[in-house]
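Dear colleague,

I am handing over the structure below, as you will be working with it from here on. Please look through it once before reading my notes.

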Amino acid sequence: MIFFYGTGSSCVATEPLPGLACAHCGTRDSLTCSVFSRYLKLMFLPVFPIGKRSVTVCRHCQQTLTGKALPEAYRAPVQAVQSRARTPIFHFAALLLVGALAAFIFAVGWFGPARMASAALPQASFAAETAGAHYRIDAAPSGVPYILAGVTRVTPDSVYCNMSNPLRGPLSAASAAQALRDSVASNGARGFTAAEWHAATTAPGPFKRVD
Ligand SMILES: [Zn+2]
């Protein structure tokens with residue numbers, strides 16, 4: 001079976017930025033901010049979100065700005081719109097399917113004869129997880145771009161990761177640490193349940209451990 005990874009995005013919010021003047025033409029109350037949620041997809045099905053990107057547009061002069069190009073005055077209101085924008089549940093579609101399947105297998109195993117074997121399976125890889133571990137997620141068959149996941153915290157029921165933005169350069173311990181640090185502001189930390197973590201990190205899941 002061939003697995004095909006890629007990235008996609010969809011607009012999850014558009015709001016005006018009242019009181020701000022356009023940095024290009026100076027017109028007041030002409031700016032709107034659109035928030036795009038990006039996701040990793042597997043066989044055209046979104047697996048999980050990897051971050052948000054906000055784009056401002058001036059209705060008067062059509063200037064479009066995003067990322068580091070956003071003027072200082074835009075940043076706080078843009079961040080507010082971005083924080084309000086919810087990631088749609090369908091961006092987790094594949095993980096939800098896998099999670100539901102794992103829960104089903106778990107339930108069958110729990111109540112059936114294979115009780116011990118099935119119940120132990122997701123917990124085994126979960127318990128072995130440690131903060132500081134890095135995973136590489138190839139977003140295309142060529143391996144470029146790729147995304148890094150850095151485990152920040154492991155609790156009895158969740159693994160938390162910082163997810164980097166898509167990367168293209170060579171991977172080293174230093175570049176990995178830098179990319180994950182840069183991603184915290186835009187992507188935040190993402191929690192995985194035991195079933196999701198098991199599905200993501202066990203072949204043919206998308207997460208490959210980097211040492
Ligand atoms: Zn303008």
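The notes below go from the overall fold to the metal site, the sheet and the cores.

This is a predicted model, in which local features need pLDDT of at least 70 and side-chain atom pairs count only at pLDDT 80 or more, while totals for chains, interfaces and linings use all residues. Residues are numbered from 1 along each chain as its sequence is written, and side-chain values use heavy atoms, with hydrogens and water left out.

The protein has 5 helices and 9 strands, where helices (H or I, at least four residues) and strands (E, at least two) are DSSP runs numbered from the N terminus. Along the sequence they follow the pattern β-β-β-β-α-α-α-β-β-β-α-β-α-β. Of the 211 residues, 41% are buried, a term that means under 20% relative accessible area, with exposed meaning over 50% and partly exposed in between (1.4 Å probe, protein chains only). Among contacts (heavy atoms within 4.5 Å) with a separation of 6 or more, 57% are between residues 24 or more positions apart.

A zinc ion is held by the SG atoms of Cys22, Cys25, Cys58 and Cys61, which lie 2.3 Å from it; donors here are N, O and S atoms within 2.8 Å of the metal (3.2 Å for Na, K and Ca), and since water is not among the atoms, sites may look incomplete. The angles among the 4 donor atoms run from 107 to 113°, and the site is tetrahedral, which for four donors requires all angles to lie between 85 and 135 degrees. For comparison, the ideal angle for four tetrahedral donors is 109.5 degrees. Along the chain the donors are spaced as C-x2-C-x32-C-x2-C. Cys25, in the loop between β1 (5–16) and β2 (31–42), and Cys58, in strand β3 (residues 45–58), are 33 residues apart, and this pair links distant parts of the chain. Cys25 is partly exposed at 31% relative accessibility, whereas Cys58 is buried at 0%.

In strand β2 we find Thr32, which is buried because its relative accessible area is 17%. Leaving out residues up to four places away in sequence, Thr32 touches several residues, including Thr14, Glu15, Val55 and Val57.

Further along, 5 strands form an open antiparallel sheet in the order β8-β7-β6-β5-β9, where two strands count as paired if DSSP finds at least two bridges between them. Its edge strands, β8 (189–193) and β9 (207–210), each pair on one side only. β5 and β9 are joined over 4 bridges, and Tyr135 stands opposite Arg209 in β9.

Helix α5 lies across β5, β6, β7, β8 and β9, at about 95° to β8; such angles run from 0 to 180 degrees between N-to-C directions, with axes fitted to C-alpha atoms, for helices over the stretch in contact. Because 7 of the 8 residues of α5 (residues 194–201) are buried, this helix is largely enclosed by the rest of the structure. Trp197 and His198 are among the buried ones.

Trp197 also belongs to the largest nonpolar core, of 23 residues, where Phe48, Ile137, Cys161, Met163, Trp197 and Phe207 touch the most other members. Such a core is a set of buried Ala, Val, Leu, Ile, Met, Phe, Trp, Tyr and Cys residues joined through side-chain atoms within 4.5 Å. A second, separate core of 14 residues includes Ala13, Cys58, Leu70 and Val81.

With best regards

Terms used: Tetrahedral: all angles 85-135°; square planar, octahedral: opposite > 155°, others 65-115°.
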